Amino acid sequence: MNKKEILEKFSADPQRYYNVSLFEDQGFERKSCNVCNRFFWTLDSERVKCPDHSDDTYSFIGDPPTSKRFDYTQSWKEVESFFVKNNHTSINRYPVVCRWRDDLYFTIASIVDFQRVMGSKVVFEFPANPLVVPQTCLRFKDLENVGVTGRHFSSFCMIGQHSIPNENGYWKDDCVNLDFNLLTQQFGIAKKEITFVEDVWEGGGSFGSSLEYFVRGLELGNAVFTEFQGDLSNYKTLDQRIIDMGAGLERFAWITMGTPTAYDCCFGPITQKLIQKVGIDADSSVLIPYFTEIAKNLELYDDLSQVRKNAIKTIGLSDEQINHIITPLEGIYLIIDHIRTLIFAISDGALPSNVGGGYNLRIMLRRIVSTMDRLKMKFDLDEIIDIQIDYLRNTYPELEKTREDVKEIISIETGRYDSSKERMQKIVSKLNKEPKVEDLITLYESDGVTPEYLKEMKVISEIPSTFYSKLSDLHQSKKQKEQVNLPLEGISDTELLFYGEDPREFNAKVLKSFKNFVVLDKTAFYARGGGQEPDHGEINGQEIIDITKHGNIVVHEIKGNIPKEGDMVSCKVDAKRRDGITKNHTSTHIINTSARSVLGSWVWQHSAFKEEDHARLDITHHSALTDEDVANIELASNSIIAKSIPVKIENFDRGTAEQKYGFRIYQGGVVPVKSVRIVSIGDLDIEACGGTHVVNTSDIEQIKITKTKRIQDGVVRIEFVSGDSAKEFVKKKQQDSESKELEQKQKEQEKEKRLEQRQLAKERIPIIAKSLLESKQGISTIDEITIELVESGKANFCYSTSNNYDDVFHIGLGEMLCKTDPKMVYCGLFEQGDKIRVIVYAGDDISKEKSAGEIVKSISQILGGAGGGSPKFAQGGGINKSKKEDAIKNAKSMIIE
Ligand SMILES: [Zn+2]
Ligand SMILES: [Zn+2]
């Protein structure tokens, strides 16, 4: 639908869509901007232009239009007290990690807090009506602007004022009245300063009129009246109309303070502290005109650097002023903004990584580090985090709990970036042409080189606008398994016995049967879901092979004959299998909470799988688990078992459960139903879960982690067994280690025996030598040593290939034999590890004709190796143990023939 068309239609009937009682009562005039023709409402008779085109745009910088001055924290207190005074409930912010919507990583607007997706429909669930909320919102699309424009943030507080028009809530008239009074009464802004501009909003199939309110060209808020459904040619009024007023808290603070930028009054004392540390002379006579110029011209150019250049030129800043005031200030603003966003995101359980929303966080951290590097700023990030949390906890006390966790994650991630820089430099230096988007994605995906880094290194001039969208397409969660279209129309919901008495045997009536599928009026067979594998069992003696849930109907797939519609059937659940799966399911909850307590608040279930005899839990964590981590998680898990804690199951209205237990309940992801089943293990673990569970943790008996592995950046897999499987695993491991021990013992004994033999052999060298030399002509063998004395008397040959002798023995015997008989050649071969070694001695006489070195060289070649030495002594070896006899034959032929 075209927004312009809707606006035209609505503005053509201002009485119906825009004229509220305030305008009547106060005497607002409706005017059309003489530049852009847009309609606006004002009390200022002189005003002829809309806020975008007025001359007083951004004139509040250096000259705030309010009598009072409120910084960020105080501004919220003012807004909150005003709305509470006017019968609103003030509720705490929701997490910035949007756990209740699977189409969003982060919370991007206050209204998102109350949206729940049911099938293809978005429904609204308000914990109170009317209400006001200081919702921290994360938006990453304008990162380039942060720190430079004076008003862009990567996270900001959206003041959400929400109402459903019914006996408690209100509609347009009251809403605009309240907003006007907030500005005039609470903030002391003159009535004439406030301009309301006609606009429209549309999204998700609904639309409505809206009134944006401005003071001196700064849009402070936008009151959206979501009223219709359909499109312009055919629409109807929504059953549930909604007021969605969103205002920027940062802007409220800014307009009352009139500082050069919104950054100066929204981050608390840290900004001044860093400015002093760097020693910037923040001379406001330069900053006010400069940032006013930036603010006024931002919309005029597509390119931010052009806006900046223009402002520098208009104000006439010197290079000195740019380099020593503007640039370092921009760096400081960026660093503080990005750290504030990381504080919220990490506190709410997000981790920097290279996938999904984690990618944005990694980019922010790398921008912080590279900005510090570029500007040679040495800041202590821990100190910045501390000072920011000290300031933010006035509004967000929950940040206190995760203070140390935020520091830990940021320090780990910073360390990783530092250590990857050298590697990135190498990769970048090898690039010989400017990379295209596809190359950038490959560089990032396989080498971790971010486009921000490439820009910093001046390899690319700009980050292509398609980079992030292409990258996120790659990481889009896999499409859900396509549901088979089964003929289930008109069948009533299956009664789920496993949520009640949960019998192992029951009788049921067949409501429908087709192909291999059977639908019963009630079932105790658990259908595949929530990572829990389906039950096995029999229907009328026929084996069940799968069970699936379609809406609220359970479909059993069976092998063999299927019963007829209308039949009564007897059903039997495989009790042993169910028992194993159930123990494993409760164990995933126990391990999840144990991992969180051992590792840190960032641990969330990423996914889980529960079978009869094994299961796994994937958790979010920054590094691979150490042996100590694993031991501690196992210990914590088993202590929960030892404490015999009852597992309680209760059903709650979703909104009530969220308010009562928080969003930690969504460990298994979004719950698309109105009533949630809450499984709690004391107050240690509370999750929304549809699975089967033990009655008491002691039923599990034991949990044993069998393996862990880092399966992707930021996700660790924990494989485990529980109950009987754990006991068997432990027993088998014990047996394995016992048999391993035995084997080790045997090996050691053998080694010792061999050493003994060798020692003995060494001692016997003189005796062996004597008897060898005393043997008759021809071939004789003594103690596995063969000697061949040749009648001609030219050469004698003695050798051994026994593994009972080592190098010391061969050297000793060879030397002794050759000394006594100068015509003797001695050749010893023996195995050592996976090699075979050879030692050759030649007596004084014979060595002149037959060199030991030559013989070794030749033998080693046959053995597939190399060797050499002097005519009298040489050694070598090879790897072909099977060539031992060939080698000896060769040696003999060289010596005797
Ligand atoms: Zn205009
Ligand atoms: Zn569960």
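How are the donor residues of the zinc ion (ligand 2) spaced in sequence? The pattern is H-x3-H-x99-C.

This is a predicted model, where local features need pLDDT of at least 70, side-chain atom pairs count only at pLDDT 80 or more, and totals for chains, interfaces and linings use all residues. Residues are numbered from 1 along each chain as its sequence is written, chains are lettered from A and ligands numbered from 1 in written order, and side-chain values use heavy atoms, without hydrogens and water.

**Stop 1: the zinc ion.** Select ligand 2. Its protein donors are H585 (NE2), H589 (NE2) and C689 (SG), at 2.1 to 2.3 Å. Donors are N, O and S atoms within 2.8 Å of the metal (3.2 Å for Na, K and Ca); water is not among the atoms, so sites may look incomplete. H589 sits in helix α18 and C689 in the loop between β24 (685–688) and β25 (703–712), so this pair ties together parts 100 residues apart in sequence. Helices (H or I, at least four residues) and strands (E, at least two) are DSSP runs, numbered from the N terminus. H589 is buried at 2% relative accessibility; C689 is buried at 12%. Buried means under 20% relative accessible area (1.4 Å probe, protein chains only).

**Stop 2: helix α18.** Select residues 575–599. Of the 25 residues, 20 are buried. At the helix start, a side-chain oxygen of D574 comes within 3.3 Å of the backbone nitrogen of K576. Just after α18, G600 has a positive phi of about 155 degrees.

Notes
The expected span of a helix is 1.5 Å times one less than its number of residues. Buried means under 20% relative accessible area, exposed over 50%, partly exposed in between (1.4 Å probe, protein chains only). A polar contact is a pair of N or O atoms within 3.5 Å; within protein, one must be able to donate a hydrogen and the other to accept it, and residues adjacent in sequence count only if both atoms are side-chain atoms.
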